[in-house]
Amino acid sequence: MSTTFLSLGLQDPINKALLDLGYEKPTVIQQKAIPQIISSTDDLKAFAQTGTGKTAAFSLPIIELADQNNSNIQAIILSPTRELAVQIGKNIEDFSKYLPQLKVVTVYGGANIEEQIKKLKRGAHIVVGTPGRTVDLIKRRVLKLQNVQWLVLDEADEMLNMGFKDELDKILVATPETKQTLLFSATFPKEVEAIAKNYMTKPIEITSGEKNTGSDNVNHEYYLVTEKTRYAALKRITDLHPNIYGIVFCRTRRETQQVANNLIKDGYNADALHGDLSQLQRDSIMEKFHEKNIQILVATDVAARGLDVTNLTHVINYKLPDQIENYTHRSGRTGRAGNKGVSIVLVSKKEQSRLNAIERIIKKKFIHQQVPSGKEICQNQLFYLIDKVKNIDVNNEEIVTFLPSIYEKLEGLSREELIQKFVSLEFNTFLSYYTNAPDLNNLSSFGNSRGTASSENMTRFFINIGRKDRLNPAKLIGLINDQNIGDKINIGSIDILDTFSFFEIDKNFEKETLAAFKANEPDFNGRSINVEITKTDRSSGGKKRKGGVNTEGFGRRKNTKTTTSSKRKSKLSEKPSRSFKDKKTGGFGRRRRAR
Ligand code: AMP
């Protein structure tokens, strides 16, 4: 069956806009959701991952049915992040460009609220918002939802993951009982089911059916690493794929920034995207990434949510997400719009068991890959270079005047010599960097993932809050970061227990950590916080790890260097900067600098 947008019964101005956007055929979720929402006021529970076309699936019927002559807000669409909210708002503007009376306003935190209030006051039929800002505007009585006909919860699982349960509750009670609730989620953990149960009436369930299609387009691979080889393995994998265009996912903002800094320092065309950056910085980075001026984006899960890039070649899980359900969100960033993609996981032996749980969710097996050897990388890079030479367009007109003197200069060199010299010019740095590069698959030679040396450099702290206070590793890291202990603190392992927890901080920051917690007197969910140095023997009892999440090696840059790092550095200075993006072919050239 080949369904077209025309057959879905959308009005001409919408069809025309879709044509402009190049949407030829509705995706599976669109085929199922659009007629359902148009023809029925039943609530809807839709299983849909990012990249399946879900934005159009809920937006098009709302645009179709919205009454432009009615000045009330008729639809409120909630999304977990401002990037995603902006993206949805923009999509709706695109879809409704031939319906100029229809007004959409997007509201989100971190931006001037007065501007958003002004826009709302000028009138809106559809409001897209992040939960926090939406609640704020409801409280200020600027956002009036009593006439809303549609409430969309987009990426509901992610909104709950991000701790927006209270905000959702508040927004939901501000909307009328008669509304139609449309819930879109990639996963349905019990928290999402609870929302569906409490706030929806006998919802119709649909699935994009593209979960598997999406997964079919994505190969899932893992590489075994230790904390000492993790970063080196990342570089090798990147080097193996000269055309890589991907996102490297990290668990925390700090780790994200550190990995990006290291990559930039090592000459890769990379940048970081995380919540510590201003909106302006994030927008600029996203734009550069879109334009392929950045090849590798190192990002936190949250920051990458709004990114709409369809042709990523790779997603690399530098660290697995705390919540394994998030793996589907991450890997779903590649293999979109019919493209093939690879989702790579770097795991230590200890983390390896988590792959089984992920395999059950994605219903696919991870393939174990060996960290590439220097030889394999050089070979790939070399053939990439040769292909580029073969395919380059020669601009005869431009170079013709230089050719005679060039020929003269190269006189006497045989064809073979010429090829050798030319290839060496491009290639020597790679070759020498990877000469004698160690086998990163021989994990025992790099120590196990919890090297004692690093532990010796850490101080273990006790903190009087735990799981019962709804503390988790991410929140604890956030809490530590909020104390502004120092720019370069390294957080080591974290153990969350029921009523208290432990965390490690670089020994150098022992005093500062105590002083910061004392001076700031932070509280956590109303409990005042007490932090002390613990004298507990780290080795006392394996049960210490129970329930804890290991953040071993986090931020220990020294450990991530391989023995060849110094060699790389010396080589770095030999080569000039180069442009990463091959403007002519639209593809990627080599990295910004040869390494
Ligand atoms: P979404 O899942 O809504 O984030 O959409 C993922 C990507 O697919 C976006 O770039 C959309 O613009 C694009 N897209 C959505 N629906 C279609 C369609 N029917 N045809 C072509 N592209 C689409």
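Trainee: At what angle do helix 11 and helix 19 pack?
Mentor: This is a predicted model, in which local features need pLDDT of at least 70, side-chain atom pairs count only at pLDDT 80 or more, and totals for chains, interfaces and linings use all residues. Residues are numbered from 1 along each chain as its sequence is written, and side-chain values use heavy atoms, without hydrogens and water. Axes are lines fitted to C-alpha atoms, for helices over the stretch in contact, and angles run from 0 to 180 degrees between N-to-C directions. The axes of helix 11 and helix 19 (residues 415-434) are 14 Å apart, and the angle is about 145°.

Trainee: Does helix 11 pass helix 19 in a left-handed or a right-handed crossing?
Mentor: A crossing is left-handed if the near helix is turned anticlockwise from the far one by less than a right angle, and right-handed if clockwise. For helix 11 passing helix 19, the crossing is left-handed.

Trainee: How many charged residues are in the contact of helix 11 with helix 19?
Mentor: Contact means heavy atoms within 4.5 Å. Helix 11 contributes Lys235, Arg236 and Asp239, and helix 19 contributes Phe430, Tyr433 and Tyr434. Asp, Glu, Lys and Arg count as charged, Ala, Val, Leu, Ile, Met, Phe, Trp, Tyr, Cys and Pro as nonpolar, and the others, Gly among them, as polar. By class this contact has three nonpolar residues, no polar ones, and charged residues numbering three.

Trainee: How are helix 11 and helix 12 oriented to each other?
Mentor: Helix 11 (residues 230-240) and helix 12 (residues 253-265) pack at about 55°, with axes 12 Å apart. Angles under 35 degrees count as roughly parallel, over 145 as roughly antiparallel, 65 to 115 as roughly perpendicular and the rest as oblique. Helix 11 and helix 12 are therefore oblique.

Trainee: Which residues of helix 12 make the contact with helix 11?
Mentor: Helix 11 passes helix 12 in a right-handed crossing. The side of helix 11 is Tyr231, Leu234 and Lys235, and the side of helix 12 is Val259, Asn262 and Leu263.

Trainee: Is glutamate 155 buried or exposed?
Mentor: Glutamate 155 is found in the loop between strand 5 (150-154) and helix 7 (156-161), and its phi is near 50°, a positive value in a residue other than glycine. Buried means under 20% relative accessible area, exposed over 50%, and partly exposed in between, for a 1.4 Å probe and protein chains only. At 2% relative accessibility, glutamate 155 counts as buried.

Trainee: What is the relative accessible area of lysine 202?
Mentor: Lysine 202 lies in the loop between helix 9 (190-199) and strand 7 (204-207). Its phi is near 35°, also positive in a residue other than glycine. Lysine 202 is exposed, with a relative accessible area of 75%.

Methods: Helix = DSSP H or I, 4+ residues; strand = E, 2+ residues; numbered from the N terminus.
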